[in-house]
Amino acid sequence: MEKTVLQAREISKYFHDPYDIQVLKKISFEVKKGEFTSIIGKSGCGKSTLLYILSTMDTDYQGDLLLDEQLMRGKKEGDLARVRNEKIGFVFQFHYLLNEFSVLKNVMLPGLKLNKLSAAEVEQHAYEKLKILGIQDEALKLPNQLSGGQKQRVAIARALINNPLIVMGDEPTGNLDKKNSEIVFEIFKELAEAFNQSLLIVTHDNEFAQRTHRIIEMEDGAIIRM
Amino acid sequence: MRFGLIISISKALLLARWKQTLVAAIGVTFSITMFITLLSFMTGLNKMLDGLILNRTPHVHIYKEILPSEKQPIDYTSDAHNFISSVKPKNDLLDLRNSSVIMKSLRDDPRVLGVSPKVNVQVFYNIGAVDLNGVLNGIDVVEENRLFSFSEYVVEGDYQELKSVPNSIVLGKGAAEKMLASIGDNIQITTSRGERVQLKVVGYFQSGIQDIDKVQSYVSLTTAQKLLGESNSYITDIQVKLRDMNKAPEIAKEYKQIYEVEAVDIQTANAQFETGTAIRTLISYAVGITLLIVAGFGIYNILNMMIYEKMDTIAILKATGFSGKDVKRVFISIALTIGVFGGLFGLFFGFLISSGIDQIPFKTEALPTIKTYPINYDLRYYLIAGIFSIVTTYFAGYFPSRKASKVDPVVIIRGK
């Protein structure tokens, strides 16, 4: 039996502006170690909202969230930042790389922030991650010298630098063409199967979702299939 | 290492907008430069103008005032309140009694830097048939020079001849012009006792204050005593210079009691100088600080713009585990970098400009000792400017950085 890395217990969320709407209705599910899970659903069904709550960035919700069997409720902003730094890797639709830094430094930043290893060790890890993603040759370039697909791979390497408990993705292939989407999918699959990495990916690409280990389908703020 | 990381992020953001950063830093540089220049120049002028009077003024001036006695004979025999009208002072000499003993005990006082005795003689300068009012100061040449920089005001001739040449005089410049007396000439004066005496001019004295220069001249102590026909213990004034000028009022009070003489401190005698100096300095500070605050607003604006431009960067830093505090530190260190570098250059240029002003010739009849514009290179102003540049830039950075720390990454990332 694999360990549970993420557990959501009856998570609800309301938007108050312009009038009260319940966007998430008592969502409960678990993600186990090494699971490659996708969340699908139509636009506006609340899947991204859910992901931001699960990633600890959004703290305005009811219910409980446990990461690594630790309750996230009541933690201070600084502690949550530390949790994100250490336990969560994030891949967005847009790559969000910092153009002022080289690819390598972009990947290293969360590792340097964690401050568990020396700069030299973080650099070595960063090279390893870039190698897994097949872009080690681009390490010293600036992000704006890379293609869209390469940028997204750098963003994945950045998400992996601290060997996170779980990698979360918000439409990570949304901005990519067929070929690059395929590459990113293969990377995710390899991470899950070869490195036993837990992944939780929000997508509206059904084809992508069908090939993951597990699909959670949402509609109107509730899970309808999982 | 964590601090190094914050610094490296700040540096990257700084360099990404280096033109704006440069403008902000130039703002700080300009204001610090002006602050330093203004204060150096202003306090230099202040010091010079005050020095004009204050250098020449004893910290405590001891003399005898001819006054009606406070206690009339009847007061010694009756405790009742006595009304006595039309009390007149006794005819008395201006001589300080026991002056040699007083001077000796003053010299033993550890708070006293030096003591210089003086004899005041009322005379008339005789120019043909015309008599002009004059005052001769009999001075101890060596002490007067050591304590009150006498030599600086002797514009022509050698002041030391006052001591070596008998019956010599250093004539006030104004008086000398009226008498057409050049150095080496003999002039004639009449003392208050009616005696006519010839004195040899060995130099000119110029204080810069015309009314004084027309009347006042200097002779040696012994010459003055001789003119009055008094013994060599005859002293009318004792000028005391203290180690700490600020203690003058209490010390003056003390001497007044111990020696039963009149004693006036420099603060009482020259209150108007202190006020003028304080206000001029205040104005300089106000202008300098205003400039710095304006520069602070510049930094504030630039950081605010930077935060709007770098919203994505802030969001991703927060999403990958940087806390609000870290983001705040990044922007504060950007502001401080601008402050420190701008400030350092400001101090440097401030020094450069003030030393430039120091080279500009500035000659005026009234101020014989001044050749160029006076500059005060007091390290204190550099220190104040440095500290102030850091404090203003810190606050200019504090408010934008607080805003940056509150950026909600969800809003930014979802907005794309």
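These notebook entries record what I looked up in a predicted model.

**Conventions.** I number residues from 1 along each chain as its sequence is written, with chains lettered from A and ligands numbered from 1 in the order in which they are written. For this predicted model, local features need pLDDT of at least 70 and side-chain atom pairs count only at pLDDT 80 or more, while totals for chains, interfaces and linings use all residues.

**Annotated span.** I looked up the UniProt annotation first. An unreviewed entry places "domain: MacB-like periplasmic core" on residues 21–257 of chain B; UniProt positions are in the numbering used here, feature names are shortened, and annotations may be inferred rather than shown by experiment. The end C-alpha atoms of this span lie 65 Å apart, and the span is 39% helix and 28% strand. Helices (H or I, at least four residues) and strands (E, at least two) are DSSP runs, numbered from the N terminus.

**Strand E7 of chain B.** I then traced the partners of E7(B), residues 196–205, taking two strands as paired if DSSP finds at least two bridges between them. Strand E4 (residues 154–157) of chain B runs antiparallel to E7(B) and is joined to it by three bridges; here B:Gly157 stands opposite B:Gly203. Strand E5 (residues 168–172) of chain B pairs with E7(B) in the parallel sense over five bridges, and B:Gly172 stands opposite B:Phe205. Strand E6 (residues 186–191) of chain B pairs with E7(B) in the antiparallel sense, also over five bridges, with B:Ile189 opposite B:Val197. The hairpin of E6(B) and E7(B) has four residues between the strands, and B:Gly194 in it takes a positive phi near 95 degrees.

**Nonpolar cores.** I defined a core as a set of buried Ala, Val, Leu, Ile, Met, Phe, Trp, Tyr and Cys residues joined through C-beta atoms within 7 Å; buried means that 20 or more other C-beta atoms, placed from the backbone, lie within 10 Å of the residue's own. Which residues touch the most other members of the largest core? Among its 108 residues they are A:Val107, B:Ile299 and B:Leu303. Helix H2 (residues 18–54) of chain B gives the most to this core, with 10 residues. A second, separate core of 45 residues includes B:Val170, B:Ala175, B:Met179 and B:Tyr218.

**Chain contacts.** I counted two residues as in contact if their C-beta atoms, placed from the backbone, lie within 7 Å. On that basis 22 residues of chain B are in contact with 25 residues of chain A. Helices H1 (2–16), H13 (311–319), H14 (324–359) and H16 (409–415) of chain B each supply at least two residues of the side that touches chain A.

Technical notes:
A residue is buried if 20 or more other C-beta atoms lie within 10 Å of its own, exposed if 12 or fewer, and partly exposed in between; C-beta atoms are placed from the backbone.
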